[in-house]
Amino acid sequence: MTTTTGPHPTRRLILQGAAGVALLGLGNLPFAPARAAANDKYPEEAFKQKSEADAIKALYGKTAEPSDKVKLDAPEIAENGGVVPISVTTTLDKVTSISFFVAENPNALAASYKIPDGTVPAVANRLKMAKTTNVTAIVEADGKLYSATKEVKVTVGGCGG
C-alpha cells in the first residue's frame, strides 16, 4: 500500500489542465463562417409544401427559368424509388443555392443546399421517390433562378409505394 503526503500531480490532473488550456486557446480562433451557417434559417415552410410551385415560391419567392447551364444527372429508370441517385452541376457564376424538387412526392422539396462563395457548385444526393415523376433542380445564381428538369420512371415505390 502506498500513501502520499501532499498534493502530487496525477496523470488525470495533468490531462484536465491540458484540456482546459486547449479549450481556452480555441476561444481566440475565428469561427465566423460556422456562426453564420448556424444562423441560417431552416426553410420549414418550403419543406411543408405539397406542390412543386408552392415549394419553389416558399423557398425562393420567384420562379425559375430553364437553362442549359444547369446539368441534372438522374437515371431514366430507377429500379428502387427508395434510393434514386441524382446530381446537379452548373457552369453559372455566383451560385448561392441548389435545391431538388420531386413533383409527385408527398412533400415536393426534397433537398436544399446553401453553396458558400468560392465552392464548386455541384451537389449529389439519393432521393426517395413515391412514383414516376419529374425531378427538378433549381440553381440560384447572382440573384436569379435557373432550372433543369428530368422525368424519372420508378419501378418499385420508395415513399408511400
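Helices, of at least four residues, and strands, of at least two, are taken here as DSSP runs numbered from the N terminus. In this predicted model, the protein chain contains four helices and nine strands. Along the sequence these elements follow the order α-α-α-α-β-β-β-β-β-β-β-β-β. The protein chain has 161 residues, of which 31% are buried. Its accessible surface amounts to about 10600 Å², and carbon and sulfur atoms account for 55% of that area. When contacts between residues at least 6 apart in sequence are considered, 65% of them link residues at least 24 apart.

The largest nonpolar core comprises 25 residues. Within this core, the residues that touch the most other members are Ile 86, Val 88, Phe 100, Val 135 and Val 139. At least two core residues come from each of strands E2 (70-73), E4 (84-90), E5 (95-102), E7 (122-127), E8 (133-141) and E9 (144-154). Another core, of nine residues, lies apart from the largest one and includes Ala 46, Tyr 60, Ile 138 and Leu 145. In soluble globular proteins, nonpolar side chains tend to be buried together.

Two residues illustrate the surroundings in more detail. Val 135, when residues up to four places away in sequence are not counted, touches Leu 72, Ile 86, Phe 101, Val 102, Leu 127, Met 129, Ala 148, Thr 149, Lys 150 and Val 152. Ala 137 is located in strand E8. The relative accessible area of Ala 137 is 0%, and the residue is therefore classed as buried, the limit for this class being under 20%. With neighbours within four places in sequence left aside, Ala 137 is in contact with Val 70, Leu 72, Val 88, Ser 99, Phe 100, Tyr 146, Ser 147 and Ala 148. One of these contacts, Val 70, is 67 residues from Ala 137 in sequence, with a C-alpha to C-alpha distance of 8.0 Å.

Side chains of opposite charge can pair when their charged atoms come close. Three salt bridges were found in a search of the whole structure. One of them joins Lys 48 to Glu 45, with the closest N and O atoms 3.9 Å apart. Both residues belong to helix H3 (residues 44-48), where Lys 48 and Glu 45 are three residues apart, about one turn of the helix. Lys 48 is partly exposed at a relative accessible area of 45%, and Glu 45 is likewise partly exposed at 48%.

A salt bridge is also present between Lys 150 and Glu 76, with a distance of 3.8 Å between the closest N and O atoms. Lys 150 is in strand E9 and Glu 76 is in the loop between E2 and strand E3 (77-78), so this pair ties together parts that are 74 residues apart in sequence. Lys 150 counts as partly exposed, at 21% relative accessibility, whereas Glu 76 counts as exposed, at 55%.

The side chains of Glu 104 and Lys 131 likewise form a salt bridge, at 3.7 Å from N to O. Here Glu 104 is part of the loop between E5 and strand E6 (109-114), and Lys 131 is part of the loop between E7 and E8, so the pair ties together parts that are 27 residues apart in sequence. Glu 104 is partly exposed, with a relative accessible area of 42%, and Lys 131 counts as partly exposed at 43% relative accessibility.

Conventions:
Residues are numbered from 1 along each chain as its sequence is written. This is a predicted model: local features need pLDDT of at least 70, side-chain atom pairs count only at pLDDT 80 or more; totals for chains, interfaces and linings use all residues. Side-chain values use heavy atoms; hydrogens and water are left out. Buried means under 20% relative accessible area, exposed over 50%, partly exposed in between (1.4 Å probe, protein chains only). Contact means heavy atoms within 4.5 Å. Accessible areas come from the Shrake-Rupley method with a 1.4 Å probe; for residues, only the protein chains shown count as cover. A nonpolar core is a set of buried Ala, Val, Leu, Ile, Met, Phe, Trp, Tyr and Cys residues joined through side-chain atoms within 4.5 Å. A salt bridge is a side-chain nitrogen of Lys or Arg within 4 Å of a carboxyl oxygen of Asp or Glu.
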